[in-house]
Amino acid sequence: MMDTFNAPGRFWRGNLHTHSDRSDGVLPPEEVCRRYAAEGYDFIALTDHFVGRYGYPITDTRPYRSNRFSTLLGAELHSGALANGELWHILAVGLPDAFTPSNSPEFKPVPDQETGPEIAARAVAAGAFVAVAHPQWSGLTLADARSLTAAHAVEIYNHGCHMGCDRGDGFGIADLLLSEGRRLSLIATDDAHFSEPDHFGGWVMVKAEENSPEALLEALKAGLFYSSQGPEIRALHVEETAIEVECSAASAVMVLGHGSAGVAVHGHSMTRARVTFDHRCAASPWLRVTVVDASGKRAWSNPIWKR
């Protein structure tokens, strides 16, 4: 993937997983957009559930764009059964508003519908950025995840799943796929419905030259972003045997890789940390960085591929 921190442009804060009353959210789209803009977000993707119960919505948020707030069209796609018999949940950001529905009348698999991998591939072909949604919440197996070969990313933190049932983590699946050579990016999201405290808890910081849907979507597909619950990652300098990290005040900076590879530096209000590799990180084909602040909130880089 390209170097996020040396790419041209600036960072824009956005949420890629949001629901309105067009599906099972509480608030109308206009109010969802207003609240995110008021909270200081630069953009969101409103991703209502793409099922027949709600009329297969790709909610039109274009009227709520402004000169400082942007929106991307999208949906949470559902089609086909996971190994546990439940329906796939696939995040698709940047969908065309004429994307053809699947045969998904309700939140359960039915005969003669597309598989999850098939609808994901169709969304990518239509121009969308596609992510595996909330792997832990869904009960995804590694075989399930392997089958979704069209995906750009894995949702590694879902704030709604974290707050609602303590199943917000996606790193177990993401790290296994990375270790098999899948060049995936990692997104943190809200999955906001506004029916519980499921909003403003996880986001992406996208590096782009302008806050336009086209520029943001291109940057997402290129992996030019990091994810956060609060901390900032300002620069990563990758060397042969170390990574130097510039960040907001941190109590720990960690480098992780294949298998059990992981090294941490701890301190107080660190804004620069040099993490020297151990033999496991040195041997890993990929590495990723986690920054932890004094309250335990985290920021996560996308994987850095060494070869």
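Tutor: We can begin with the secondary structure. This is a predicted model, and the protein has eight helices and 16 strands.

Student: What is the radius of gyration of the protein, and how does it stand against the globule rule?
Tutor: For 307 residues the globule rule gives 19 Å, and the protein is close to that, so it is as compact as a globular protein of that length. The C-alpha atoms fill a box of roughly 55 × 40 × 35 Å along the principal axes. The radius of gyration is 19 Å.

Student: What percentage of the 307 residues count as buried?
Tutor: A residue is buried when its relative accessible area is under 20%. Applied to the 307 residues of the protein, this gives 57%.

Student: Which residues of helix H6 are buried?
Tutor: Helix H6 covers residues 171–179. After H6 comes Gly181, with a positive phi near 95°. The buried residues of H6 are Phe171, Ile173, Ala174, Asp175, Leu177 and Leu178.

Student: Which residue just after H7 takes a positive phi?
Tutor: H7 spans residues 213–222, and its buried residues include Pro213, Leu216 and Leu220. An α-helix has 3.6 residues a turn, so residues three or four places apart point the same way. Just after H7, a positive phi of about 75° is taken by Gly223.

Student: Which helix gives the largest share of the lining of the largest pocket?
Tutor: The largest pocket has a volume of about 260 Å³, and 18 residues line it. By class, the lining has four nonpolar, nine polar and five charged residues. The largest share, four residues, comes from residues 159–165, helix H5.

Student: Is His49 buried or exposed?
Tutor: His49 sits in strand E3, residues 49–50. Its contacts beyond four places in sequence include His19, Asp24, Glu76, His78 and His193. The relative accessibility of His49 is 4%, and the cut-off is under 20%, so His49 counts as buried.

Student: How far apart are the C-alpha atoms of His49 and Asp24?
Tutor: Along the chain, His49 and Asp24 are 25 residues apart.

Conventions. Residues are numbered from 1 along each chain as its sequence is written. This is a predicted model: local features need pLDDT of at least 70, side-chain atom pairs count only at pLDDT 80 or more; totals for chains, interfaces and linings use all residues. Side-chain values use heavy atoms; hydrogens and water are left out. On a 1 Å grid over the protein atoms alone, a cavity is a set of points where a 1.4 Å probe fits but cannot get out, and a pocket is an open set with protein on both sides within 12 Å along at least five of seven lines; lining residues have an atom within 4 Å of a point. Grid points are joined across faces, edges and corners, and a volume is the space filled by probe spheres set on the points. Helices (H or I, at least four residues) and strands (E, at least two) are DSSP runs, numbered from the N terminus. Ala, Val, Leu, Ile, Met, Phe, Trp, Tyr, Cys and Pro count as nonpolar, Asp, Glu, Lys and Arg as charged, and the others, Gly among them, as polar. Buried means under 20% relative accessible area, exposed over 50%, partly exposed in between (1.4 Å probe, protein chains only). The radius of gyration is taken over C-alpha atoms; the globule rule is 2.2 Å times the number of residues to the power 0.38. Contact means heavy atoms within 4.5 Å.
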